[in-house]
Amino acid sequence: LLLSAATIHGFQVQPLRSAKTTLTKQQHKSPTLFFAAKKQGGDSSDDAVVTLVHSHHLLDHKPDNMILKGGKYKLRGVGCLGRPGVALCVGEQAAINKFRSNLKTAMPQKKFGTISIDRSSIPSDELSKISDFEEATIGELRSLLAKLGHEHHFFTLTGIDPSNATHSEEGGLNSNSKKSAKKRRKK
């Protein structure tokens, strides 16, 4: 019987409480679940999935720019405005489904597709570098997909013939490229 809060094998656990106990709103919002345990460190557990959510075009105006708000759904990844508009999402399947559902509700005239990426095919060190949800340019998205070993999805989404494409730039998301993306959007 657990009498106080503890961390056991990376899980934060709380003592089991009486079945008659009701939880306050604050306890419901607590990252520690009562009567259960949650792996610390967010969605890095085995139930996290990697998915591309995309639409033909998403421009910089409401509601299209909701594609950049994946962090609101506790997702990690990048969002990219343009033709196509794409979000690379890392998180729990339920959160990705809710994100996509909200996009579809806000923009019923647009078709949103998903491409699931087999997480076991992605180098774990590359996936762990994605720490939050950020805006990216289409070039940065291509570079990230290349690092994850799935650049072919970029070509599928954009319709670019890979044999005519130049190599993606090395690097990735950094503060300078994020600033330049925002600067381009303001023009």
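Two strands are taken to pair if DSSP finds at least two bridges between them. In the predicted model described here, strand β7 supplies one example of bridge partners, since in β7 the residue standing as the bridge partner of Thr-51 is Ser-116. Five bridges in total join β4 to strand β7, residues 113-117, and the two strands run antiparallel. Within this pairing, Val-53 stands opposite Thr-114 of β7. Strand β4 also pairs in the antiparallel sense with strand β6, residues 85-92, over eight bridges, and in β6 the bridge partner of Ser-55 is Gly-85.

The burial of these strands was examined next. Seven of the eight residues of strand β4, which spans residues 48-55, are buried, so the strand is largely enclosed by the rest of the structure. In a regular strand the side chains alternate between the two faces of the sheet. Strand β7 has a covered face formed by Gly-113, Ile-115 and Ile-117, and an uncovered face formed by Thr-114 and Ser-116. Both Thr-114, opposite Val-53, and Ser-116, the partner of Thr-51, therefore belong to the uncovered face of β7 as it is divided by accessibility.

In soluble globular proteins, nonpolar side chains tend to be buried together. The largest nonpolar core of the model holds 20 residues, of which Leu-52, Leu-88, Ile-117, Leu-141 and Leu-145 touch the most other members. With residues up to four places away in sequence left out of the count, Leu-141 touches Val-78, Cys-80, Val-86 and Leu-88.

Helix α4, residues 138-147, also contains Ser-143, which counts as buried at 2% relative accessibility. Ser-143 and Phe-154 are eleven residues apart in sequence, and their C-alpha atoms are 9.3 Å apart in space.

A pair of aromatic rings is described by the distance of the centres and the angle of the planes. By the criterion applied to the model, the count comes to three aromatic pairs. In one of them, the rings of Tyr-73 and Phe-99 have their centres 5.3 Å apart and their planes at 50 degrees, so the pair is tilted. This pair links distant parts of the chain, with Tyr-73 in the loop between β4 and β5 and Phe-99 in helix α2, residues 93-106, at a separation of 26 residues. Tyr-73 is buried, with a relative accessible area of 16%, and Phe-99 counts as buried at 1% relative accessibility. Phe-99 also forms an aromatic pair with Phe-133 that is edge-to-face, at 6.2 Å centre to centre and with 70 degrees between the planes. Phe-99 lies in helix α2 and Phe-133 in strand β8, residues 133-135, so the pair ties together parts that are 34 residues apart in sequence. Both Phe-99 and Phe-133 are buried, and ring pairs link Tyr-73, Phe-99 and Phe-133 into a cluster.

Several features of the backbone remain to be described. Most residues other than glycine have a negative phi, and most peptide bonds are trans. Lys-74, although not a glycine, has a positive phi of about 60 degrees; the residue is found in the loop between β4 and β5 and is exposed, with a relative accessible area of 72%. The loop between β4 and β5, the latter strand covering residues 76-80, is also the place of Pro-63, and the peptide bond from Lys-62 to Pro-63 is cis, with omega near 0 degrees. A cis peptide bond likewise joins Arg-83 and Pro-84, where omega is about 5 degrees, and Pro-84 is found in the loop between β5 and β6.

Terms used. Residues numbered from 1 in each chain as written. Predicted model: local features only at pLDDT ≥ 70, side-chain atom pairs only at ≥ 80, totals over all residues. Heavy atoms only, no water. Buried < 20%, exposed > 50% of the residue type's maximum accessible area, 1.4 Å probe, protein only. Helix = DSSP H or I, 4+ residues; strand = E, 2+ residues; numbered from the N terminus. Core = buried A, V, L, I, M, F, W, Y, C linked by side-chain atoms within 4.5 Å. Contact = heavy atoms within 4.5 Å. Phe/Tyr/Trp six-rings, centres within 6.5 Å; stacked < 30°, edge-to-face > 60°.
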